[in-house]
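Let's take a friendly walk through this protein together. Keep the sequence and the 3D view open, and look for each residue as we come to it.

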Amino acid sequence: MNTEELQKYTENETISINQAMQKIDANAHGILFLLNDNGSLSACITDGDIRRWLLAGGKLEDDADKAANHSPKHASNLTEAKKLYHKRNWIAIPIIDTKGILKDIYTGDGEGDKKQRERLNVPVVINAGGRGTRLDPFTKVLPKPLIPVGELPIIELIMQEYQSYSCNAFHIIVNYKKELIKTYFAENERKYDITWHDEEEPLGTGGGLSLLKGKLDSTFFFANCDALLTANYKPMLEFHKKGNNAITMICVYKNISIPYGVVEMGEGGVYESMKEKPLMSFLTNTGIYIVEPIVLEDMKEGEAIGFPEVIERQRQKGRKVAVYPVSENNWMDMGQFDELEKMRKKLYGE
């Protein structure tokens with residue numbers, strides 16, 4: 001790597017969790033190496049380290065050093081780095097000299113280094129019944145699931161991501177322009193295992209699940225038809241099962257920079273402080289969930305209800321609902337035009 005490339009994967013050890021998370025998102029490799037002031041390798045931090053820290057009650061403002069691994073695997077030359085990398089499928093191997101100074105980072109040689117995904121064999125329920133009003137006027141002609149993103153429609157991109165984990169059994173809830181959706185898959189040369197569930201009336205983001213009562217008896221993924229998630233699905237599923245959750249919400253940390261000075265005012269209009277262009281961070285729902293079949297049994301036939309209300313009912317019953325945070329870089333929302341274009345560029349380039 002040249003100096004410019006190295007800077008994408010390195011940062012000073014004094015940065016915060018939030019800053020580390022942004023740098024990790026930018027390099028898209030899921031890892032950052034922390035250096036001390038003289039350029040020596042101090043630690044490494046991954047998106048998994050950050051997630052564990054936050055789930056344990058840590059804060060985004062905490063020092064990244066607290067969540068980092070202070071004994072990262074490293075090599076003294078490229079040959080050694082390649083052996084380490086392929087031996088255990090590491091994300092990246094730093095190359096350091098005898099004084100511990102970082103000289104290079106090995107991240108693999110290309111397509112042949114892609115990691116094999118786990119076979120999860122979990123059924124997938126996709127809510128494809130909405131009108132997609134955020135994508136008007138396109139959705140006056142095509143239903144949202146068939147809006148193309150590059151070479152494929154939205155729904156097929158979502159399905160292929162699940163298929164990469166051997167999640168091949170799809171249950172698709174349809175309503176608006178449903179015959180167009182069914183015709184597309186009937187004539188598709190790529191054959192999918194699809195069970196269709198027809199809404200007679202719009203049932204919201206959660207109500208369509210009532211159509212699956214008695215038809216699923218195992219844990220399943222539930223997704224709205226406008227979100228593509230490229231994070232690793234296996235640890236999500238492990239987290240869900242280990243926690244005995246009824247529902248696990250997949251959420252991302254969004255960072256928004258306020259382009260103004262934000263003033264804090266006290267009683268009587270007294271000026272207290274001002275933060276210049278602060279960065280605000282918050283968790284946002286991706287519309288992707290891991291759900292237990294017991295949730296289906298609580299659904300009321302024909303009831304129009306949003307899935308957030310379904311979640312609240314489960315909580316009121318004393319069942320556990322948990323949040324699994326993933327990197328913002330792993331989530332693409334296809335429900336708006338600007339996001340649709342971002343997704344196309346991310347998947348297919350300029």
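With a relative accessibility of 46%, D193 counts as partly exposed, because that label covers values between 20% and 50%. Keep in mind that the model you are looking at is predicted. You will find D193 in strand β10, which covers residues 193–198. Which residues does D193 touch, once its neighbours within four places in sequence are left aside? They are N168, A169 and F170. One of these, A169, is 24 residues away from D193 along the chain, yet the C-alpha atoms of the two are separated by 5.4 Å.

Next, look for K178, a residue of helix α8 (residues 178–186). Is K178 buried or exposed? Its relative accessibility is 17%, and therefore it counts as buried, since the cut-off for that word is under 20%. Leaving out residues up to four places away in sequence, K178 touches D198, E199 and E200. The residue D198 brings us back to β10, whose range is 193–198.

Now let's move to strand β2, residues 31–35. All five of its five residues are buried, so the rest of the structure largely encloses this strand. In a regular strand, side chains alternate between the two faces of the sheet. You can follow this in β2: I31, F33 and L35 lie on one side, L32 and L34 on the other, and all of them are buried, which leaves both faces covered.

What are the partners of this strand? One is β1 (residues 10–12), which runs parallel to β2 and is joined to it by three bridges. Within this pair, N12 has L35 of β2 as its bridge partner. Together with helix α2 (residues 17–27), β1 and β2 make a right-handed β-α-β unit. Another partner is β3 (residues 41–46), which runs antiparallel to β2, with five bridges joining the two. Here L34 has A43 as its bridge partner in β3. The hairpin of β2 and β3 has five residues between the strands, and in it G39 takes a positive phi near 90°.

Our next stop is helix α3, residues 47–55, where G48, D49, I50, R51 and L54 are buried. An α-helix has 3.6 residues a turn, so residues three or four places apart point the same way. What do the buried residues of α3 pack against? Their partners are α2, β3, α4 (64–67), β13 (247–257) and β17 (321–326). After α3 comes G57, which has a positive phi, near 105°.

With 28% relative accessibility, D65 counts as partly exposed. Not counting residues up to four places away in sequence, D65 touches E13, L34, S42 and H70. By contrast, I256 is 191 residues from D65 in sequence, and the two lie 23 Å apart in space, C-alpha to C-alpha.

Finally, turn to the surface. Which residues form a nonpolar patch there with about 320 Å² of accessible area together? They are V263, Y271 and M274. Of these, V263 lies in strand β14, residues 261–265, and it counts as partly exposed at 47% relative accessibility.

How values were computed:
Residues numbered from 1 in each chain as written. Predicted model: local features only at pLDDT ≥ 70, side-chain atom pairs only at ≥ 80, totals over all residues. Heavy atoms only, no water. Patch = residues over 30% accessible without salt bridge, like charges linked within 9 Å, V, L, I, M, F, W, Y side chains within 5 Å. Areas by Shrake-Rupley, 256 points an atom, 1.4 Å probe, with all protein chains shown as cover. Salt bridge = Lys/Arg side-chain N within 4 Å of Asp/Glu carboxyl O. Helix = DSSP H or I, 4+ residues; strand = E, 2+ residues; numbered from the N terminus. Buried < 20%, exposed > 50% of the residue type's maximum accessible area, 1.4 Å probe, protein only. Pairing = 2+ DSSP bridges. Right-handed = clockwise from strand over helix to strand, strands pointing away. Contact = heavy atoms within 4.5 Å.
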